[in-house]
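Subject: Handover of a structure

Dear colleague,

Please find below the structure I am handing over to you, followed by an account of what was found in it.

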Amino acid sequence: MQASQNYPAARLRRSRATGWSRAMVRENRLDPSDLIWPLFVTDGKAVEEPIASLPGVSRWSVDLIVERAADAIAAGIPCIALFPNTQTERRSDDGAEALNPDNLMCTAIRAIKDRHGEAIGVLTDVALDPYTAHGQDGLIDAKGYVLNDDTVAVLVDQALNQAEAGADIIAPSDMMDGRIGAIRRALEMGGHSNVQIMSYAAKYASAFYGPFRDAVGSRGLLKGDKKSYQMDPANSDEALREVALDIAEGADSVMVKPGLPYLDIIRRVRDSFTVPVFAYQVSGEYAMIEAAVAAGAGERDALVLETLLAFKRAGCSGVLSYHALHAARLLNQ
């Protein structure tokens with residue numbers, strides 16, 4: 001960029017001198033409508049289970065998830081994302097509980113829609129790791145390798161199960177090749193043409209997922225790792241290939257996960273494609289902010305708003321964040 005003025009004709013501090021002027025020239029703005037709030041569903045009634053590795057975050061029984069949806073609506077958050085903590089006895093090698101129309105996910109979807117209707121969107125995770133006894137996102141062979149095409153067939157049925165319960169956005173997080181096209185075709189054929197797909201298109205094999213695995217009860221179950229299907233953190237060109245494939249197969253929007261360590265990927269995706277781009281500020285990112293606050297190394301409100309604004313500056317249409325409700329309430333003040 002070629003500068004057209006030199007000091008003192010150009011004094012960039014002039015526009016920073018007052019609050020009203022800073023507001024007038026602000027390039028990016030954060031609003032509650034930019035946020036999606038992830039929530040964890042657990043069994044029982046009137047149950048809240050705090051998650052030790054995610055201070056301030058809990059698992060909620062379905063009746064209380066409905067109340068959390070009301071909190072989101074009141075704060076101006078347009079969408080919540082659901083993740084189940086499936087009971088141990090309902091987990092199996094084939095993840096069959098994912099197809100149960102009365103599982104935690106589907107029960108929560110129906111309860112939210114019965115109470116709140118179209119006042120809030122419901123985004124649902126499609127992957128088998130909350131349902132498998134081995135903690136992988138798909139079906140495995142005798143050597144523990146995750147089988148792509150066999151898994152996709154199950155994911156299609158899982159997506160239909162959630163759509164029929166009332167899900168508004170199907171969000172496949174499994175990173176199997178070809179699953180977006182298969183799910184899109186099944187939704188169309190099943191009469192769910194208005195159900196959106198937000199693809200976890202660039203999901204990395206990250207070290208930042210540990211607290212999430214605690215939240216859904218899969219950390220102790222996971223055998224091996226997920227590097228054969230989640231992306232190598234060293235790669236960025238590959239992310240563009242993944243995004244391009246998912247858009248071609250029918251994704252309405254795409255996601256980059258994790259968030260802050262991958263702002264460069266968000267920017268590249270945004271510059272390369274015209275679909276909405278979302279980021280997931282994952283559990284490890286949340287936990288680091290809370291650890292910094294607990295250590296006196298930073299102030300929560302400022303840290304939360306600055307990190308969320310970074311996603312907007314990088315080009316995000318929205319952000320999934322465990323701080324969503326707190327941030328929305330700050331923005332509404």
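How many residues line the largest pocket, and which of them lie nearest its centre? Please note, before the reply, that this is a predicted model.

The largest pocket

The lining of the largest pocket consists of 19 residues, and those nearest its centre are Trp 37, Gly 56, Val 57, Tyr 286 and Tyr 322. The volume of this pocket is about 330 Å³. Strand S1 (35-42) gives the most to the lining, with 4 residues. At least two lining residues each come from S1, strand S3 (58-61), helix H9 (283-294) and helix H11 (324-331). Sorted by class, the lining holds 10 nonpolar, 4 polar and 5 charged residues.

Asp 34

Asp 34 belongs to the loop that runs between helix H1 (19-24) and strand S1 (35-42). Is Asp 34 buried or exposed? Its relative accessibility is 9%, and because buried means under 20%, Asp 34 counts as buried. The side chain of Asp 34 reaches the backbone nitrogen of Asp 31 at a distance of 2.8 Å. Leaving aside residues up to four places away in sequence, Asp 34 touches Arg 29, Lys 312, Ser 317, Gly 318 and Val 319.

Salt bridges

Side chains of opposite charge can pair when their charged atoms come close. The count of salt bridges in this model comes to 16. Three of them are described here.

One of these salt bridges is formed by Lys 113 and Asp 168, with 2.6 Å between the closest N and O atoms. This pair links distant parts of the chain, 55 residues apart: Lys 113 is in helix H3 (residues 104-116), while Asp 168 is in the loop between helix H4 (148-165) and strand S6 (169-172). Lys 113 has a relative accessible area of 14% and is therefore buried.

A further salt bridge joins Lys 226 to Asp 129, where the closest N and O atoms are 3.5 Å apart. Lys 226 sits in the loop between helix H6 (210-215) and helix H7 (237-249), and Asp 129 in the loop between strand S5 (121-126) and H4, so the pair ties together parts that are 97 residues apart in sequence. Lys 226 and Asp 129 are both buried.

Arg 267 and Asp 271 also meet through their side chains in a salt bridge, at 3.0 Å from N to O. Arg 267 and Asp 271 are separated by about one helical turn, because they are 4 residues apart in helix H8 (residues 263-272). With a relative accessibility of 34%, Arg 267 counts as partly exposed, whereas Asp 271, at 57%, counts as exposed. Salt bridges with shared partners also join Asp 129, Asp 137 and Lys 226 into one network.

Helix H5

Why is helix H5 (residues 179-189) described as largely enclosed by the rest of the structure? The reason is that 8 of its 11 residues are buried. The buried residues of H5 are Arg 179, Ile 180, Gly 181, Ala 182, Ile 183, Arg 184, Ala 186 and Leu 187. Among the elements that cover the buried residues of H5 are S5, H4, S6, strand S7 (196-203) and H7. After H5 comes Gly 191, which has a positive phi, near 80°.

Yours sincerely

Notes
Residues numbered from 1 in each chain as written. Predicted model: local features only at pLDDT ≥ 70, side-chain atom pairs only at ≥ 80, totals over all residues. Heavy atoms only, no water. Buried < 20%, exposed > 50% of the residue type's maximum accessible area, 1.4 Å probe, protein only. Polar contact = N/O pair within 3.5 Å; in protein donor to acceptor, adjacent residues only side chain to side chain. Contact = heavy atoms within 4.5 Å. 1 Å grid on protein atoms, 1.4 Å probe; cavity = no way out; pocket = protein on both sides within 12 Å on 5 of 7 lines; lining within 4 Å. Points joined across faces, edges and corners; volume = space filled by probe spheres on them. Nonpolar A, V, L, I, M, F, W, Y, C, P; charged D, E, K, R; others polar. Salt bridge = Lys/Arg side-chain N within 4 Å of Asp/Glu carboxyl O.
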